[in-house]
Amino acid sequence: MKSSVITFPGSNCDRDMDVALKKFGFKNKMVWHNDAELPKSDLIVLPGGFSYGDYLRCGSMASKSKIMKSVVNFANSGGMVMGICNGFQILVETGLVPGVLLRNKYLEFICRNVFVKINNKSNNYFNNIKNDVLEFHIAHNEGNYFCTKDQLKEIEDNEQVAINYCDENGRIEEQFNPNGSIKNIAGIFNIEKNVLGMMPHPERMIDNCLSGEDGSIFFNNLINNLK
Amino acid sequence: MKISVVITLKKDVLDPQGKVIHQTLDGMGFEDVNEVRQGKYFEIDTKENDPKKAKDKVEEMCKKLLANLVIENYKIVDLK
């Protein structure tokens, strides 16, 4: 399986993602934002970081960069595109997934582990995964998911909510919502479910020496689904 | 010609920064304030000298980059 990670000026989780993808068997290539063409890939990842210094709105500049035209075309033809953290912010700015990510409700940068409940497994990202709840890491200042009432209805009708913030038992309640996101939403799909944007970082949970193995569950499952 | 644009958050979008500014103003003794909403201001100097064309171009810039229309409104406030 071939993957590509896009590096924007200010990306800082691109190499972590490269390590994670390779660990679970992907042949990964790093792609510079100013390139026009994507290498042949089964999965494109937009990594976390602070692309363009978060100027104007997080992800807004990166969403207009040269490579993104190819990424949008790849996604629109059914290709798998996953955006993590800043990558999620870039995805919403391209319009590939609905909504926006506002500043965290309590105005603080949040850096800690959270639990997320998988809301929809009928897709290549979570199909066959045994767990309902995964422990991932979040590190963001703008992760407060927001959308209009009409959009929310559409998102729910089309089962586009991927994961919600919850406790270790999978209870989705306001007290387990770290950043003020509508309905504890931590990740969203496009309608076809080939594009996934999420704030948590699975690539930070791929080794017990770091902080856990739930990211390993995610990546192992992902590559098996793509084979 | 120079064009000024103001971008504001839509009414139903939470503005925690505006809230904190409001609280701080309150603490400083400005107790008459009902609400504070924080926005963005741009000055764009363009080679286009036709006001109608310049305004249309800036509107396009607002829609495509300067504002995110899910949460923000834009207003062209000055042309000269």
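Author: Two strands count as paired if DSSP finds at least two bridges between them. Keep that in mind for this predicted model.

Reader: What makes strand 1 and strand 3 of chain A a pair?

Author: Three bridges join strand 1 (residues 2-7) to strand 3 (residues 43-46) of chain A. The cut-off is at least two, so they pair. The two strands run parallel, and A:V5 has A:V45 as its bridge partner in strand 3 of chain A.

Reader: Where do they sit in the sheet, and which strands are called edge strands?

Author: The open sheet of chain A has nine strands in the order 2-1-3-4-11-10-9-6-7, with mixed pairing. Its edge strands are strand 2 (27-32) and strand 7 (133-140), since each pairs on one side only. Neighbouring strands are turned by 25° against each other on average, direction ignored.

Reader: Over to chain B. Why are the buried residues of helix 2 said to be on the same side?

Author: The buried ones are B:V58, B:C62 and B:L66. They cover an arc of only 50° around the axis, which puts them on the same side of helix 2 of chain B. In general, an α-helix has 3.6 residues a turn, so residues three or four places apart point the same way.

Reader: What do those buried residues pack against, and what is on the other side of helix 2 of chain B?

Author: The buried residues of helix 2 of chain B pack against strand 1 (2-9), strand 2 (40-45) and strand 3 (72-79) of chain B. On the other side of the helix, exposed residues include B:K52, B:D56 and B:E60.

Definitions and conventions:
Residues numbered from 1 in each chain as written. Chains lettered and ligands numbered in written order. Predicted model: local features only at pLDDT ≥ 70, side-chain atom pairs only at ≥ 80, totals over all residues. Buried ≥ 20, exposed ≤ 12 C-beta atoms within 10 Å, placed from the backbone. Helix = DSSP H or I, 4+ residues; strand = E, 2+ residues; numbered from the N terminus. Arc of directions from axis to C-beta. Contact = placed C-beta atoms within 7 Å. Axes fitted to C-alpha atoms, helices over the stretch in contact; angles between N-to-C directions.
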